[in-house]
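Open the model in your viewer and keep the selection tool at hand. The tour goes stop by stop.

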Amino acid sequence: MMCNKRGSVYYGAAVLAVRTVLFAAAVLVLLSSCRPNVNYIKRVQSLEEGVGNPQTEAEIEDAIQKYQRRVEDIMAADNQIGIWYKILGVRYLDNRMYDKALEAFKNAVKYHPDNQNLYYYIGLCAGYMANAELDFPGTGAEKRRNTYLALAESAYLRALELEPRYVRSLYGLSVLYVFEMNKSAQAIPLLERLLTIDTKHTDAMFVLARAYYMSYDYEAASTMYDRILKSTKNEAKRAEAEANKKAVLDALYAGK
């Protein structure tokens, strides 16, 4: 009896393995050829689902239900894979492994192409990688840096296409423009929009004041530093705002 039971287990495992291989083969045919062998795929599907050539209404309905379950299983698996890639990317990001995080988020967005958070993370990681290239002059680093900056910009912009009021992408793109790409004028409307959404975003106020300053609008910069002083009780930020305001006023009066 023990021998027969064990043999049944082995036989069942072998059948399951054969079915798995057959299904994988069908998938490979679908992915590797623009004109797959349709008859072969049908035969594999028949073996996999136990549906041959349904004729009656009951057989057709049964076949539809079986294939519908398979489609739902595949969709659920794909959705979960995208989530796992996102979790992996966040873990890498937390450990400052920006290159690996970037690749994980790029894979995640293949499964969830309409998720603005993933594009934000891609922009963030690409920005970090652009900064990393500064340490390696004479090795093509400048070209790679520009590639990362372009990727970061496009990712932030895509996130904002999906969610125009997405504060994190508004801020991330603005920082990129002001501190990395010398495009302060393009950051100003983004930051002004951000501050209508989050009126107490002190970091955005600092970046906007800097953008005004870089655009030679010293009065607007000074006004923004006054707004910071009214908005925060953080002593470090207040000291920074006061010092920056003094520098702005010095530049303003020097030009008169």
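Select α11 to begin. At 1.5 Å a residue, its 20 residues should span 28 Å, and the end C-alpha atoms are 29 Å apart, which agrees. The expected span is 1.5 Å times one less than the number of residues in the helix. Helices here are DSSP runs (H or I, at least four residues), strands are runs of E (at least two), and both are numbered from the N terminus.

This is a predicted model: local features need pLDDT of at least 70, side-chain atom pairs count only at pLDDT 80 or more, and totals for chains, interfaces and linings use all residues. Residues are numbered from 1 along each chain as its sequence is written, and side-chain values use heavy atoms, with hydrogens and water left out.

**Stay on α11**

Which residues of α11 are buried? Colour A241, V248, A251 and L252. They cover an arc of only 100 degrees around the axis, which puts them on the same side of α11. The arc is taken from the directions from the helix axis to the C-beta atoms. Buried means under 20% relative accessible area, exposed means over 50%, and partly exposed lies in between (1.4 Å probe, protein chains only).

Now turn to the other side of α11. There, E235, A236, K246, Y253 and A254 are exposed. Show α9 and α10 next: they are among what covers the buried residues of α11.

Then zoom in on the start of α11. A side-chain oxygen of N234 reaches to within 3.0 Å of the backbone nitrogen of A236.

**Step back to α10**

Select residues 218-231. The 14 residues of helix α10 should span 20 Å at 1.5 Å a residue, and its end C-alpha atoms are 20 Å apart, which agrees. Its buried residues are Y218, A221, S222, M224, Y225, I228 and L229. These cover an arc of only 160 degrees around the axis, which puts them on the same side of α10.

What do the buried residues of α10 pack against? Show α8 (184-197), α9 (202-214) and α11 (235-254). On the other side of α10, E219, T223 and K230 are exposed.

**Into α7**

Pick S174, in helix α7 (residues 167-180). S174 is buried, because its relative accessible area is 0%. Leave aside the neighbours within four places in sequence. S174 is then in contact (heavy atoms within 4.5 Å) with A187, L190, L191 and V207.

**On to α6**

Select R145, found in helix α6 (residues 141-162). Is R145 buried or exposed? With a relative accessible area of 11%, R145 is buried. Its side chain makes a polar contact with the side chain of E180, at 2.9 Å. A polar contact is a pair of N or O atoms within 3.5 Å; within protein, one must be able to donate a hydrogen and the other to accept it, and residues adjacent in sequence count only if both atoms are side-chain atoms. Apart from neighbours within four places in sequence, R145 is in contact with A130, E133, L134 and E180.

K143 has its place in helix α6 too. At 67% relative accessibility, K143 counts as exposed. Draw a distance from its C-alpha atom to that of A130, 13 residues apart along the chain: it reads 9.7 Å.

**The aromatic rings**

Show the rings. The structure holds nine aromatic pairs. Start with Y98 and Y128: the ring centres are 4.1 Å apart and the planes at 10 degrees, so the pair is stacked. Rings of Phe, Tyr and Trp (its six-membered ring) pair if their centres lie within 6.5 Å; planes under 30 degrees apart count as stacked, over 60 as edge-to-face and the rest as tilted. This pair links distant parts of the chain: Y98 in helix α4 (residues 98-111) and Y128 in helix α5 (residues 116-132), 30 residues apart. Y128 counts as partly exposed, at 36% relative accessibility.

Move to Y120 and Y156. Their ring centres are 6.1 Å apart and their planes at 50 degrees, so the pair is tilted. Y120 lies in helix α5 and Y156 in helix α6, so the pair ties together parts that are 36 residues apart in sequence. Both Y120 and Y156 are buried. Ring pairs link F105, Y120, Y121, Y156 and Y166 into a cluster.

**Zoom out**

Show the whole chain. How many helices does the chain have? It has eleven, and zero strands. Of its 256 residues, 32% count as buried.
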